[in-house]
Amino acid sequence: MRILTIFLALPARLAGVGAALLVSIGLAYSASASSPTEQVILGTWITETRSYVTIVACPAGYCGYITKVVVAEQILKRYGDEVAAMGDNVVDGLNKDPALRNRPLQGLQILTLEPIKSSSDRINGKIYNPEDGETYDGFLEIVNADTIRLSGCVLFNLICRGEDWKRVPISIQ
């Protein structure tokens, strides 16, 4: 049995404010010895919009949760007043399902990856993009120990768009 640490962020101000206060909760998770791939993907990652996503082992394989919300520039330009009115409680307002539009982005699961089947540097899964409210088939690729590339795909995975996420240094988590 090994101990995983999950980081949960308390509500943080919008972009421009320092790192969110993270509360560490230790959870016992029964699993076999971790693979090199798992050792790389677990942890907290900073996205291109400067949000944090924490990837942890979960029953589905690996799950990624938003642990620091930073609203993307294009969303601020288009919906600035509405976003400002939300204050610390930024919600999933662009979700295609109206019933889900009031759920908070903070703590939202946006990534579900399949269990690692080999020493592959590519893991398939589903990616929810709160910037457009869509869920995509996609994959995670390991670039190096401190960089992963997350790609979402359309048209039977013929067209994919990816972005690189950098590991958040432990000193600022």
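Figure 1. Arg 167 is partly exposed, with a relative accessible area of 24%; here, buried means under 20% relative accessible area, exposed means over 50%, and partly exposed lies in between, with a 1.4 Å probe and protein chains only. The structure is a predicted model, in which local features need pLDDT of at least 70 and side-chain atom pairs count only at pLDDT 80 or more, whereas totals for chains, interfaces and linings use all residues. Residues are numbered from 1 along each chain as its sequence is written, and side-chain values use heavy atoms, with hydrogens and water left out. The side chains of Arg 167 and Asp 146 form a salt bridge at 3.3 Å, N to O; a salt bridge is a side-chain nitrogen of Lys or Arg within 4 Å of a carboxyl oxygen of Asp or Glu. Because Arg 167 lies in strand β10 and Asp 146 in the loop between β8 and β9, the pair ties together parts that are 21 residues apart in sequence. Asp 146 counts as partly exposed, at 43% relative accessibility.

**Figure 2. The salt bridge between Asp 137 and Lys 126.** The side chains of these two residues meet at 2.4 Å, N to O. Asp 137 belongs to strand β8 and Lys 126 to strand β7, so the pair ties together parts that are 11 residues apart in sequence. Asp 137 is partly exposed, with 34% relative accessibility, and Lys 126 is partly exposed, with a relative accessible area of 44%. By the rule for salt bridges, the count comes to 6.

Figure 3. A salt bridge of 2.9 Å, N to O, joins the side chains of Asp 92 and Arg 103. Both Asp 92 and Arg 103 lie in the loop between α2 and β6, 11 residues apart. Asp 92 is buried, with a relative accessible area of 1%, whereas Arg 103 is partly exposed, at 27%. Leu 100 lies in the loop between α2 (73-86) and β6 and counts as partly exposed, at 30% relative accessibility. When residues up to four places away in sequence are not counted, Leu 100 touches Asp 92 and Asn 95; a contact means heavy atoms within 4.5 Å. Leu 100 and Gly 133 are 33 residues apart in sequence and 9.8 Å apart in space, C-alpha to C-alpha.

Figure 4. The protein chain has 2 helices and 10 strands; helices (H or I, at least four residues) and strands (E, at least two) are DSSP runs, numbered from the N terminus. In strand β5 (residues 61-68), 7 of the 8 residues are buried. Strand β4 (residues 52-58) runs antiparallel to β5 and is joined to β5 by 7 bridges; two strands pair if DSSP finds at least two bridges between them. A hairpin connects β4 to β5 through 2 residues, and Cys 58 stands opposite Gly 61 in β5. Strand β6 (residues 109-113) is also antiparallel to β5, with 4 bridges between them, and Gly 64 stands opposite Leu 111 in β6.

**Figure 5. Tyr 62 and the largest nonpolar core.** Which residues have the most contacts inside the largest nonpolar core? They are Ile 55, Tyr 62, Ile 110, Leu 111 and Leu 140, in a core of 27 residues. The elements that give two or more residues to this core are α1 (36-41), β4, β5, β6, β7 (122-129), β8 (134-144) and β9. A nonpolar core is a set of buried Ala, Val, Leu, Ile, Met, Phe, Trp, Tyr and Cys residues joined through side-chain atoms within 4.5 Å. In soluble globular proteins, nonpolar side chains tend to be buried together. Not counting residues up to four places away in sequence, Tyr 62 touches residues including Glu 38, Ile 41, Ile 55, Leu 111 and Pro 115.

**Figure 6. A nonpolar patch on the surface.** Val 154, Leu 155, Phe 156, Leu 158 and Ile 159 form this patch, with about 600 Å² of accessible area together. Patches are made of residues with over 30% relative accessible area and no salt bridge, with like charges joined within 9 Å and nonpolar side chains (Val, Leu, Ile, Met, Phe, Trp, Tyr) within 5 Å. Accessible areas come from the Shrake-Rupley method with a 1.4 Å probe, and for residues only the protein chains shown count as cover. Leu 155 lies in the loop between β9 (147-154) and β10 (159-167) and counts as exposed, at 52% relative accessibility.
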